[in-house]
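Visitor: Please take a close look at a single part of this model, going through the pairing in detail. Then set that part in its wider context.

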Amino acid sequence: MKPNDLVQGTLGLLILRILALKPMHGWALSQRLKQMSKDVLQVGPGSLYPALHKLEQEGWITAEWLISDTRRRVKFYSLTNEGRKQLESQTADWKRLSGAISAIVLPAQG
Amino acid sequence: MRWFRKVRLRFQSLFNRSRVETDLEDELCDYLDREIERAIASGSSPEEAKRHALSSLIGAERIKDECRDVRGVWWLEDSMSDIRFAVRTLRKAPVFTVTVIAALAFCIGVNTAIFSVVDTVLFRPLPFPGQERLVAVTEGVPGLGFPVMPFSCPDYLFVAASNRSFAGTATYHTQAYEISGAGQPRRVIGARVTASLFQVLGISPTVGRAFTQEEDEHSKRVVVLTGGFAQSAFGTPERALGRTVLLDRTPYTVVGITAPSFSFPIRGSRFNGDPADVFVPVSWNNDDRQQNVSNFDYSMVSRLKPNVTIQQASMEVHGLLQRVVENYPSKIKQALRQMRNFSLESRIVPFREEFTGDVQRPLLLLLAAVGIVLLIGCADVANLIFSRMVGRQREFALRTALGASGWRLARQAITEGLVLSVTGGAIGFCVAFWALPLLIRFAPDNLPRLSEIGLNWRMMAFVAFVTLAMPVVFCLGPLASTLRSALVNQLRGEGRTTTQGRHQRFIMSAAVVVQFSLAFLLLTTTGLLTRSLIKATEANPGFRPEHVISVRIALPEAAYKTPGDITDLFNRLMDRLGSLPGVRQTGAISDLPMRSSSNVVISIEGRGSDIERVDMVFCRGNALDSLRVLLLRGRLLQPEDQVGKPHAAVISETLAKRVWPHDDPIGRRIRFGVDIPNNQEPWLTVVGVVADVKARLTSNSPRLLLFTTPMDWVKQMNVVVRTSGDPLLLASSIRHVIALLDPSLPVEKIETLDQVLEESLSAERFRTWLLVCFAVAALLLATLGIAGLLAYNAAQRTQEFGVRIALGANRRDLLVLVFQHCLRLSGTGIAVGLAASVIVTRAISALLYETSPLDPGTFIAVPLILLLIALGAALFPAWRVVRTNPITALRAE
């Protein structure tokens, strides 16, 4: 699935979710996303970084510059308390929404 | 904490841009490197890995842009660069920039200063809580010629007790007191007030307390001091509390001190209009409460109940006043029944109108004048910006072609305007700050609430509004029309030369025409008021002020109990002064000319209940002779006309003609009050007629004056001394003589009659001088406007002139062209201004003394001045035309 197909805002939820596991940098995040979605969701830098910066501006995630073992400056993102609350409420929203959509799109399963 | 982090991030994005940019760069590089490593790890060749990774980063710049966008500061960044750009362009044109900023700073400065004065005096809420419900209540007997008066005690008490409209009523009456026990003995203004006054005003003393109703009723000797007075007399308010001060030599205990800012009554009020230093209970006696129905001394201030309108209250008080007469003592009631025309009326106005009446019109005139200066200044700035924009047409066309939207260019233009106007506004604010104290110092004494003037948010809002509104006016207009013609020229391929279109030329000319008409208007107004002031200065006041010095003596009741005591002191004082070297005559007069005097009703023997209103002035010694009042018939009052002898009176010419148009007034008799059986006032015999003495230099209607010997109760008089030399040299001798006679008698103010005359015109002088300043400023700005336009036009037409000269045109014809243009502009402006002036000056006719609103002198001089200025402004472009060298002119393009 192309990143553009991701519903606007869903990417934010995914980032928050992944960052809830542990702080990480942008590239690791995209790899993690790919891996967790079993290669379905591939997000390129063009979507990833603007989304990260937006979340940072919102105050839901915070960034820290660390020196990696390869002695490179790496920007690590982590979830803030604010972001944690946001994640909970967005997850609840998502459950409601996806349940509703599933009920309509996949009636046979019900 | 969240907002804090956000603000920090935004700040970082804004002010640490290079850091943010590097970070973004690093972050993306890091991603790229890791992608490459991953690809190599999964078996790709390094080159392939690199190519693949780079392709995923296609449009790295776009990514960066998006990242920047979500940071949400682009508009601020744009504005910052706009401002930087504006400052840079403006610095390249220093003459233009300095001219515009100076014009703006001056206009904003004077406007702010005048605005804050006018706002404080006329518009700002009074410093009393819930002030919008405060009203001034007056009564009056219109039938007898007194439509508006303060209340009499019985009437006030009746209204205060019976009304349902007011949440509270209070009354006050100011008088001078001699105060001792608080520093040097001196004279202060005291207010006799009801205990309710402080409640009605909604303020309470900051130290101590206000006095109570009981203290008022039982005539307790208690006093409330103003904070300012307590400070000057005792150092701190706390130290004043509990002290005993002597008011007219009677001991009073200080029970309270108000806030230092408290000032009441408000200066310039119609009645009792001097701010008091001390407040004492009014403590009416039984005579006051019942008998003194004609002492209309007490100003009434009331607080309306919520939901009661002024009309409703007026109706109610009017009704009450019809009933009040029933409560009068029977003798008075009977007497009133015999009088035709006697009917008590009432008027209620918002409390503010108590003091704004006289000053409103002149202040609004000043505000209009500075408004005109501001408009002329704005037109100047607009034209300057206009001409600059025409020069920048190529730049705008180029930027439009490169894809700049009209909105973006407009924003740039407004930013440039804002940089100019904010700088001008900031300097203007400083100018206002510097000008305000100066303005207050020279302001006439009767201007209310001057002490309240100062920095406040209304003033700031005014500056902010003017500063922010101006760029929109003077930038957008020029820009819109410049953009249009720039594009048109571009399309026509005429971008090489930059000339203005017909539309622009029209706007710029219109601005100059408007400037000239506004300047015309301001100049005529100023001219008329100046002529009126000169006429007033030259007017004959009816007496000779030179060589006369005056000192006000007020004898305290406790020390001067009998009329004999009073007469004795004044006689001894006048004798001693009379024997000083250089003194010609001495006398004492209850009210100096040009000062207010008591207005009373008199009746004439044999005329029944006909009455006349006159100004009553009491004289002792050779008062009228000392003032050199011109005697027309009979004799003046003399030292021999003393209290107790058959009463003599001298009347003014107009009064004589009015009462006895065909007969000789000498020997006729008049008396105070209405001629009814129980009038116990003695008859006065007219012994002389004098020429009219003016009440104000600027009044055309002569007042009806009655001079007579003092009543028993007259304790305050001005002792006047006519000297042969400089009267001020006598001041110290006068103090010395007074100290010899009564060492504890304070000497208030020693002034010459010349000073009194001068002071009576201070309000007129003040506003006229201000107007002259504004008119000169308007003239300068208008000159700048027309000179700028003509010079600009000449510069624009250099090429055309060059061609004309090359083709053999006579230079004189070119000069005619320039001057024709100049005359067309100024002539139109003058014509429009003339028409406007004829209409507008009528509105100020009430402020003019013996000057027609269409005064020919002014209406000839003003156009001449403007014409001369316009011609002067044309000289520079004319000189340029004469010097035009056709070859350089043609090459220049």
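Guide: Strand β7 (residues 244-247) of chain B is joined to β8(B) by four bridges, and the two run antiparallel. Strands here are DSSP runs of E of at least two residues, helices are runs of H or I of at least four, and both are numbered from the N terminus. Two strands count as paired if DSSP finds at least two bridges between them. This is a predicted model, in which local features need pLDDT of at least 70 and side-chain atom pairs count only at pLDDT 80 or more, while totals for chains, interfaces and linings use all residues. Residues are numbered from 1 along each chain as its sequence is written, and chains are lettered from A and ligands numbered from 1 in the order in which they are written.

Strand β6 (residues 222-225) of chain B pairs with β8(B) in the parallel sense over four bridges; here B:Val223 has B:Val254 as its bridge partner. Strand β5 (residues 207-208) of chain B pairs with strand β8 (residues 250-257) of chain B over two bridges, in the antiparallel sense. In that pairing B:Gly208 stands opposite B:Gly256. In general, strands of a sheet pair through backbone hydrogen bonds, either parallel or antiparallel.

Now the chain around these strands. Chain B contains 29 helices and 22 strands. Its radius of gyration, taken over C-alpha atoms, is 38 Å, well over the 29 Å given for 893 residues by the globule rule, so chain B is more spread out than a compact globule; the rule is 2.2 Å times the number of residues to the power 0.38. The C-alpha trace of chain B spans about 130 × 80 × 55 Å along its principal axes. Buried residues (20 or more other C-beta atoms within 10 Å of their own, with C-beta atoms placed from the backbone) make up 42% of chain B. Of the contacts in chain B with a separation of 6 or more, 82% are between residues 24 or more positions apart; a contact means C-beta atoms, placed from the backbone, within 7 Å.

The domain assignment, which is automatic or from a database, divides chain B into domain 1 (2-72), domain 2 (134-351), domain 3 (359-538 + 763-891) and domain 4 (548-725). The centres of domain 1 and domain 2 of chain B, taken over C-alpha atoms, are separated by 80 Å.

Chain A also has a sheet. Its three strands form an open sheet in the order β1-β3-β2, with antiparallel pairing. The edges are β1 (24-25) and β2 (61-67) of chain A, each with a single partner strand, so one side of each is left without a neighbour in the sheet. β2(A) pairs with strand β3 (residues 73-79) of chain A over seven bridges, and A:Glu64 stands opposite A:Phe76 there. Chain A, with four helices and three strands, follows the pattern α-β-α-α-β-β-α along the sequence. The mean pLDDT of chain A (pLDDT is the predictor's confidence in each residue, from 0 to 100) is 83, and 89% of its residues score at least 70.

Technical notes
Buried ≥ 20, exposed ≤ 12 C-beta atoms within 10 Å, placed from the backbone. Contact = placed C-beta atoms within 7 Å.
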